[in-house]
Amino acid sequence: MGYHIDEASSAIPKKPKRNKYAFMCAILASMASILLGYDVGVMSGAAIFIKRDFGISYVQQEVMTGVINLYSLIGAAAAGRTSDWIGRRYTMVLAGIIFFLGAILMGFATNYAFLMFGRFIAGLGVGYALMISPVYTAEVSPASSRGFLTSFPEVFINFGLLLGYISNFAFAKLPLHLGWRFMLGIGVFPSVFLAVVVLMMPESPRWLVMQGQVGKAKKVLDKTSDSVEEAQQRLADIKEAAGIPITCTDDVVQVPKRSSHGKDVWKDLFLHPTPSVRHIIIAAVGLHFFQQASGVDSVVLYSPTIFEKAGIKSDREKLLATVAVGFTKTVFILVATFLLDRVGRRPLLLSSVAGKIISLLLLGMGLTIIQHHDHVRLTWAVGLCIATVLSDMAFFSIGMGPIAWVYSSEIFPLKLRAQGASIGVIVNRMTSGVVTMTFLSLSNAITIGGAFFLYAGIAAISWVFFYVVFPETQGRTLEDMEGLFGNLLWRFSKQRKIERNDVGNQVQLGTNGEV
């Protein structure tokens, strides 16, 4: 009788537990994103003291603050091909080494030009890290938890941001010529830590297959999949995408000549894209553009300036308020990691943008009211500005922030993934660079309140774009993604209901374990 009960119960598969090995790989890979977060966070406060020490203008300040985003474009553009050449893992090591050199140069800078050269080197490392971290994480993650795991880069960006804010607050009392140098120079420690821990990770199974190392890829997939069957299916899908016969069982094979290292991959992306690839490019580029054009990095980088305009005058109080910004972003990105594979990408993204629109409108209103009553301290308006800065960060972090990296790392076909993801990073950093390098000038031209009204308008346009263009990718394998795209007006397509039901069935299967 006992044997019969065991047999019956074993016939009903249970929902697989989260793969701990894939979880650890994702954490280690995502640590590369700390580099960007720390630089952005620390520069928001260090800029106050650098301006006083070097006597630079506000234009030089905004260029110094935001230019690393443009410098990172070079690193992001090179990272796609570099990662196809030396592998995803060693590309992350390279990112850490480059950022280490940049942090050293910034910490010892003796003038503005020297400091800008250090930011150029650091920007290259940031670009490499931003591109490769989400790609690697997506390639090792099982479909059941890919949204959760590929949101980790954004988690670590926010963790790095918080560390930068804390560094500002901690070193603010040092002499003027030392404080900001410690703030920037201490960035060597996360870069060294990254270069060491990455060596503990396995190489991406998809990259291994592209190199013909099928045996090694199988070992990685066996460890990072929820079941033996899933590992076999993932390997078969990758082999098919790489042009290797599925029936081939050799550990080392000759891979058919591919376009990943040549010019054909760019032709496939831009000159002769299929309808699906064209839709994917528009979705990825649009997502990264609107993520930054709605002004998030202006809030992150210039939060001390915003709080000063809101009526907070003390340096320590401004820096302490920025710590609250970093803490809010970190907490809500952690919440988002648990919702991505449960709620789905679309609902989180649309809710996030809607919340940002309201927050930005209220922030613009509060700053405008304070500006028109500059001789009277309006406590309620100061409180409104602080609250809306925090709510803007919370809504961004719960959807728009992580989904940009999750979505763009999972939707591109295998042979286009590295370069496709690098395009997303390039658009993201270019837009961020333009926004952050013009924020002070924009605020002087149309008032700081007007700047946030403008960002709210851009966010409203982005909501319509996401609603119309974005299909849901929750529960899909990476090799299945291309089939979701091809109709730009996806929201109104006759296929939408079919695709939504299909995804719903997959989620139901994963939840109930039905066959």
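Predicted model: local features only at pLDDT ≥ 70, side-chain atom pairs only at ≥ 80, totals over all residues.
How many aromatic pairs does the count come to?

1. The count comes to 15 aromatic pairs.

2. One of the pairs joins F54 and W180. The ring centres of F54 and W180 are 5.4 Å apart and their planes meet at 75°, so this pair is edge-to-face, the cut-off for that class being over 60 degrees. F54 belongs to helix α3 (residues 34–54) and W180 to helix α9 (residues 176–185), so the contact ties together parts that are 126 residues apart in sequence.

3. F54 is partly exposed, at a relative accessible area of 22%, whereas W180 is buried, at 0%.

4. F290 and F465 form another aromatic pair, with 5.5 Å from centre to centre and 50° between the planes, and this pair is tilted. Distant parts of the chain are linked here: F290 sits in helix α15 (residues 275–293) and F465 in helix α23 (residues 448–469), 175 residues apart. Both F290 and F465 are buried.

5. Charges over rings are a separate matter. R89 has its charged end over the ring of Y90, at 4.9 Å from the ring's centre. R346 is placed over the face of Y467, and the distance to that ring centre is 5.6 Å.

Methods: Residues numbered from 1 in each chain as written. Heavy atoms only, no water. Phe/Tyr/Trp six-rings, centres within 6.5 Å; stacked < 30°, edge-to-face > 60°. Helix = DSSP H or I, 4+ residues; strand = E, 2+ residues; numbered from the N terminus. Buried < 20%, exposed > 50% of the residue type's maximum accessible area, 1.4 Å probe, protein only. Lys NZ or Arg CZ within 6 Å of the ring centre and 35° of its normal.
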